[in-house]
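Here is a friendly note to read alongside the picture. Take the points in order, and keep the structure open while you go.

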There are 2 protein chains.
Amino acid sequence: MSSFKGSDIYVVDSKGRVSIPSKMRKNIQSESRYAFVITRGIEKCLYAYPLDEWRRMEESIRSLSQVNEKDRYFARTLMQWSEEVQLDAQFRLLIPKSLLDFAEISKEVFFIGVLDHIELWKPENFKKYIDSRKESYEKAVEHVMSARKS
Amino acid sequence: MSSFKGSDIYVVDSKGRVSIPSKMRKNIQSESRYAFVITRGIEKCLYAYPLDEWRRMEESIRSLSQVNEKDRYFARTLMQWSEEVQLDAQFRLLIPKSLLDFAEISKEVFFIGVLDHIELWKPENFKKYIDSRKESYEKAVEHVMSARKS
DNA sequence: AGGAAAGTGGGTAAAAGTGGGAAAATGAAT
DNA sequence: ATTCATTTTCCCACTTTTACCCACTTTCCT
């Protein structure tokens with residue numbers, strides 16, 4: 001099970017390539033070390049899953065009822081935006097243009113490791129996201145810590 | 001389960017390295033003796049967790065639902081600031097620059113062992129923190145100890 | 001006092017991060 | 001079917017950062 005953590009800023013070059021932070025690369029538990037599925041995230045960002053974590057995810061989507069209208073919509077939308085990509089010899093992701101556009105990423109990418117996946121944000125958008133939240137960091141810690149006690 | 005205690009002042013060198021107090025080092029119960037997760041603390045300081053203690057914490061973040069908007073925010077906020085670091089052959093931590101900046105640590109670090117984690121403060125900031133508390137140590141003891149009785 | 005461990009500093013080889021060009025593949029137009 | 005233009009893939013090269021090693025001084029302990 002992966003355990004991505006930390007954050008970093010990297011540049012996307014003119015070909016749409018970005019190195020993934022080495023500390024996150026080292027955290028990949030998958031046998032297929034260099035394959036990711038990159039997809040549309042929740043909020044205006046992208047999620048990158050190593051293949052094994054992605055499969056876990058896919059299973060839970062598979063188990064959704066295809067009868068339910070909402071579930072169908074969710075499954076279609078998610079899969080529509082999902083692309084499998086391989087890291088190149090320099091450990092870079094080639095991010096599809098459509099996804100870059102969705103996340104409004106042009107020159108720089110802000111990476112955050114969030115346990116089972118890596119998030120890619122346009123730096124300004126992440127800042128906006130944080131600023132728009134009312135809860136402080138301290139509240140967040142409190143929330144998690146109190147959950148831990150019980 | 002670790003049980004850090006005591007305090008000490010150490011210097012950060014030009015590369016961002018600090019020795020961790022040997023008395024605290026000896027207190028690490030983890031099998032992976034030399035791996036820590038260092039993260040943003042509450043108040044303007046850093047927390048260093050030995051890996052096994054950290055995992056405890058991580059479990060509770062993992063159990064947060066990624067579907068719930070608030071939980072997503074918590075997970076991102078916490079993980080953004082968390083970095084895994086290994087002690088080098090001289091038992092030094094290499095503290096990421098972003099975290100040093102957050103805690104305003106430049107030349108010196110004040111270490112405090114607080115049971116399951118070690119805190120790192122800029123000495124001046126710790127002094128300010130203590131001075132800013134109106135409650136005396138005696139009052140605090142009274143408060144905590146009486147709660148314990150019930 | 002003497003040896004060992006702790007604390008600090010610095011040099012260097014390796015890895016990480018970035019950029020770009022040439023070969024291979026794709027695909028549309030003649 | 002062949003040509004030409006565009007995109008994609010693969011490789012090479014350069015710069016910066018990091019990891020690893022060695023060394024010196026101070027403190028601790030018997």
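1. Let's start with contacts along chain A. Residues 24 or more positions apart make up 64% of the chain A contacts that have a separation of 6 or more. Two residues count as in contact if their C-beta atoms, placed from the backbone, lie within 7 Å.

2. A word on what you are looking at. This is a predicted model, in which local features need pLDDT of at least 70 and side-chain atom pairs count only at pLDDT 80 or more, while totals for chains, interfaces and linings use all residues. Residues are numbered from 1 along each chain as its sequence is written, and chains are lettered from A and ligands numbered from 1 in the order in which they are written.

3. Next, the overall build. Chain A has six helices and eight strands, and along the sequence they follow the pattern β-β-α-β-β-α-α-β-β-α-β-β-α-α. Both kinds of element are DSSP runs numbered from the N terminus: helices are H or I with at least four residues, strands are E with at least two.

4. How compact is chain A? Its radius of gyration, taken over C-alpha atoms, is 16 Å, close to the 15 Å from the globule rule for 150 residues, so chain A is as compact as a globular protein of that length. That rule is 2.2 Å times the number of residues to the power 0.38. The C-alpha trace of chain A spans about 45 × 40 × 30 Å along its principal axes.

5. Now look at where the chains meet. Here 19 residues of chain A are in contact with 19 residues of chain B. On the chain A side, β7 (108-114) and α6 (137-149) are the elements that give two or more residues, and α6(A) gives the most, with eight residues.

6. Finally, turn to chain B. It holds an open sheet of six strands in the order β1-β7-β8-β4-β3-β5, with antiparallel pairing. Two strands pair if DSSP finds at least two bridges between them. The edge strands of chain B are β1 (7-11) and β5 (83-86), each pairing on one side only. Within the sheet, β3 (residues 35-40) and β4 (residues 46-50) of chain B pair in the antiparallel sense over five bridges; B:R40 has B:L46 in β4(B) as its bridge partner.
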